[in-house]
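Open the model in your viewer and keep the selection tool at hand. The tour below goes from stop to stop.

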Amino acid sequence: MQALTYVNLSLRNGARRQRLDGRLLLPDGQPLTLQLRSRLQAERWREAELQLYLSLPQSDWARWLPAGTTAPWRLAELQAGGEFWLTWAGGAVQRAVARLHAPQLQAGYAGREALRLQDLALNAYYRRTAQGFELVLDDLALSQGENRWGEVRLGLSQVRDSSESEEQWQLAADRLDLAPLSPLVAALAPLPDAAMQLLEQLQPRGALRNVQLDYRPRREGDKRLQFAANLERIGFAAHEASPRRRTSAAASVATWARANCAWMRRTSSCTSIPCSPSPGTTAGPMRA
């Protein structure tokens, strides 16, 4: 890791409020700026309230990060910049917002071949709730060569285990085009070799709309993980006991589901997929 070439910090310290302004130059001369506002009393420091703003320049962060920071992922290039806002209170992050744009990204998992992406963009919103947290990734999009994927809205929420509610995780997405995702999963996902071979053989394509995944770790069997989505021109190649399916534009969601639902249940003990999807039984994406 190379050293910063310039650091300028100024601190304003009052009886209850503090403010720290900083400007730092990266080794390539790009400026990083930050501002930290706090409400802090020395005798009650655990009750501190903080507000942080951070502006990151468009720089190759793979060059400045210490070796091993992203292990087991290998980060060959991360040309990126953005803005971050964070609020801390009650001993935890309460809210956070991020806007990120990465014109160039090259990375791989462990010994896999690295994947190059262009124009990765997203807006992220995090909010702590009384029961857990909510995270939304909005306008998520990226390019691989001439192919553009997105813009996608993803939502993740958690409800903590308590006397009033059981632990629950919910993942939602408005639309997922499958074929462009396969190279990303193959290069970056921490999956076992068997799962990677299955993905390569199935060659999934088509799209999932209004995706809802509900995971409750305390439940058993197929009640632990529930999945629902509208299917659009879904297709995959033959694999062992699975039927070969490449649905045409005229093939209906219900026909595809009836033909493949039994095989999916046989090959996954914790997944339940509606065999007769309909607008009345498929939930929409989470909204922040």
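Select Trp-169. Its relative accessibility is 27%, so this residue counts as partly exposed; the label covers values between the cut-offs for buried (under 20% relative accessible area) and exposed (over 50%), with a 1.4 Å probe and protein chains only. The model is predicted, so local features need pLDDT of at least 70 and side-chain atom pairs count only at pLDDT 80 or more, while totals for chains, interfaces and linings use all residues. Residues are numbered from 1 along each chain as its sequence is written, and side-chain values use heavy atoms, with hydrogens and water left out.

**Aromatic pairs**

Phe-133 is buried because its relative accessibility is 16%. The ring centres of Phe-133 and Trp-169 lie 5.8 Å apart with the planes at 70 degrees, so this pair is edge-to-face. Rings of Phe, Tyr and Trp (its six-membered ring) pair if their centres lie within 6.5 Å; planes under 30 degrees apart are stacked, over 60 edge-to-face, and the rest tilted. Ring pairs join Tyr-126, Phe-133 and Trp-169 into a cluster.

The count of aromatic pairs comes to 4. For another one, select Tyr-53 and Trp-85. Their pair is tilted, at 5.5 Å centre to centre and 45 degrees between the planes. Tyr-53 sits in strand β4 (residues 49-60) and Trp-85 in strand β5 (residues 73-89), so the pair links parts of the chain 32 residues apart. Strands here are DSSP runs (E, at least two residues) and helices are runs of H or I (at least four), numbered from the N terminus. Tyr-53 is partly exposed at 24% relative accessible area, and Trp-85 is partly exposed at 32%.

**Salt bridges**

Which residues meet Glu-166 in salt bridges? Select Arg-216: its side chain meets that of Glu-166 at 3.3 Å, N to O. Glu-166 lies in the loop between β9 (147-159) and β10 (168-177), and Arg-216 in the loop between β11 (205-215) and β12 (225-236), so the pair ties together parts 50 residues apart in sequence. Then select Arg-219, which forms a salt bridge with Glu-166, the closest N and O atoms being 2.8 Å apart. Arg-219 and Glu-166 are 53 residues apart. Glu-166 is partly exposed at 25%, and Arg-219 is partly exposed at 32%. Salt bridges that share partners join Glu-166, Asp-214, Arg-216 and Arg-219 into one network.

The rule asks for a side-chain nitrogen of Lys or Arg within 4 Å of a carboxyl oxygen of Asp or Glu. By it, the count is 12 salt bridges. Glu-47 is partly exposed at 48%, and Arg-44 at 44%.

**The core**

Last stop: the largest nonpolar core, with 32 residues. Such a core is a set of buried Ala, Val, Leu, Ile, Met, Phe, Trp, Tyr and Cys residues joined through side-chain atoms within 4.5 Å. Select Trp-61, Trp-149, Leu-176, Leu-208 and Val-211, which have the most contacts inside the core. Elements giving two or more residues include β6 (92-109), β7 (115-128) and α1 (178-188). The largest share, 5 residues, comes from β7.

Finish on Val-211. Leaving aside neighbours within four places in sequence, Val-211 is in contact (heavy atoms within 4.5 Å) with residues including Leu-171, Leu-176 and Phe-227.
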